[in-house]
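This briefing sets out the salt bridges, the nonpolar core, the overall fold and the surface of the protein displayed below. Please consult the sequence and the structure alongside the text.

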Amino acid sequence: MRQQIEAGNEHELLEAINADPEFRLAARYWNGSFRLSMGADEAYIFRVRDGQVVHLNRQPTVFDAWDFEIGGPKEGWAEILAKVPRPFYQDPASAVFRHGFTLGGDIESFFAYHPALRRVIAVLRVASA
């Protein structure tokens with residue numbers, strides 16, 4: 001499986017996220033970061049400032065901070081990012097509860113900005129198709 005986010009599509013992806021009206025509404029007071037871990041060897045950290053994704057780290061290290069993380073196997077992420085996800089893969093929270101994904105870090109921030117994260121996943125889903 002190729003990386004979900006590559007140098008060639010990073011800029012367009014950030015523009016698409018920031019242009020999404022539902023993301024802008026859900027993220028309007030967000031200042032923080034989150035990490036998506038896709039298997040053992042692929043992870044991304046998104047930095048959000050004043051409701052805009054301002055940076056995407058495609059190769060985070062253990063020294064890179066984040067507020068919360070959603071982690072799961074590559075196969076699970078392939079299901080989440082499918083054009084039409086199977087039941088309980090439509091949302092990262094349901095994947096945590098039903099498919100063995102992990103949720104770590106500041107859980108309060110996760111739930112506060114869960115609708116914005118869902119929009120990020122929706123944009124990733126379109127970009128992955």
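The structure, a predicted model, holds 8 salt bridges.

**Salt bridges**

- Arg-119 and Asp-20 meet through their side chains in a salt bridge, with an N to O distance of 2.7 Å.
- Because Arg-119 belongs to helix 6 and Asp-20 to the loop between helix 1 and helix 2 (21-26), this pair ties together parts of the chain that are 99 residues apart in sequence.
- Asp-20 is buried, its relative accessible area being 12%, whereas Arg-119 is partly exposed at 22%.
- Asp-20 and Arg-119 also take part in a network of salt bridges in which Glu-22 is linked with them.
- A salt bridge likewise joins the side chains of Arg-35 and Glu-69, at 2.9 Å from N to O.
- Arg-35 lies in strand 1 and Glu-69 in strand 4, so this contact ties together parts that are 34 residues apart in sequence.
- Arg-35 counts as buried, with 18% relative accessibility, and Glu-69 counts as buried with 16%.
- Asp-91 forms a salt bridge with Arg-118, in which the closest N and O atoms are 2.2 Å apart.
- Asp-91 counts as buried at 9% relative accessibility, while Arg-118 is partly exposed with a relative accessible area of 39%.

**Nonpolar core**

- The largest nonpolar core comprises 32 residues, of which Trp-30, Phe-34, Leu-36, Phe-46 and Trp-77 touch the most other members.
- The helices that give two or more residues to this core are helix 1 (7-19), helix 3, helix 4 and helix 6 (114-128).
- The strands that do so are strand 1 (32-38), strand 2 (43-49), strand 3 (52-57) and strand 4 (68-72).
- Helix 6 gives the most to this core, contributing 6 residues.
- Leaving aside residues up to four places away in sequence, Phe-46 touches Ile-5, Ile-17, Gly-32, Ser-33, Phe-34, Leu-36, Val-53, His-55, Leu-56 and Val-120.

**Fold and overall dimensions**

- The secondary structure of the protein amounts to 6 helices and 5 strands.
- Along the sequence, these elements follow the pattern α-α-β-β-β-β-α-α-β-α-α.
- The radius of gyration is 13 Å, which agrees with the value near 14 Å that a compact globule of 129 residues would have.
- The C-alpha trace spans about 35 × 30 × 30 Å along its principal axes.
- Of the 129 residues, 46% count as buried.
- Among contacts in the protein with a separation of 6 or more, 61% are between residues 24 or more positions apart.

**Surface**

- The accessible surface of the protein comes to about 6,800 Å², and carbon and sulfur atoms account for 53% of it.
- Phe-97, Ile-107 and Phe-111 make a nonpolar surface patch of about 320 Å².
- Phe-111 counts as partly exposed, because its relative accessibility of 44% falls between the limits of 20% for buried and 50% for exposed.
- Phe-111 and Pro-73 are 38 residues apart along the chain, and their C-alpha atoms are separated by 22 Å.
- Lys-83 is found in the loop between helix 3 (74-80) and helix 4 (92-98).
- With 72% relative accessibility, Lys-83 counts as exposed.
- The C-alpha atoms of Lys-83 and Ile-45 are separated by 23 Å, the two residues being 38 positions apart along the chain.

Definitions and conventions:
Residues are numbered from 1 along each chain as its sequence is written. This is a predicted model: local features need pLDDT of at least 70, side-chain atom pairs count only at pLDDT 80 or more; totals for chains, interfaces and linings use all residues. Side-chain values use heavy atoms; hydrogens and water are left out. Patches are made of residues with over 30% relative accessible area and no salt bridge: like charges are joined within 9 Å, nonpolar side chains (Val, Leu, Ile, Met, Phe, Trp, Tyr) within 5 Å. Accessible areas come from the Shrake-Rupley method with a 1.4 Å probe; for residues, only the protein chains shown count as cover. A salt bridge is a side-chain nitrogen of Lys or Arg within 4 Å of a carboxyl oxygen of Asp or Glu. Buried means under 20% relative accessible area, exposed over 50%, partly exposed in between (1.4 Å probe, protein chains only). Helices (H or I, at least four residues) and strands (E, at least two) are DSSP runs, numbered from the N terminus. A nonpolar core is a set of buried Ala, Val, Leu, Ile, Met, Phe, Trp, Tyr and Cys residues joined through side-chain atoms within 4.5 Å. Contact means heavy atoms within 4.5 Å. The radius of gyration is taken over C-alpha atoms; the globule rule is 2.2 Å times the number of residues to the power 0.38.
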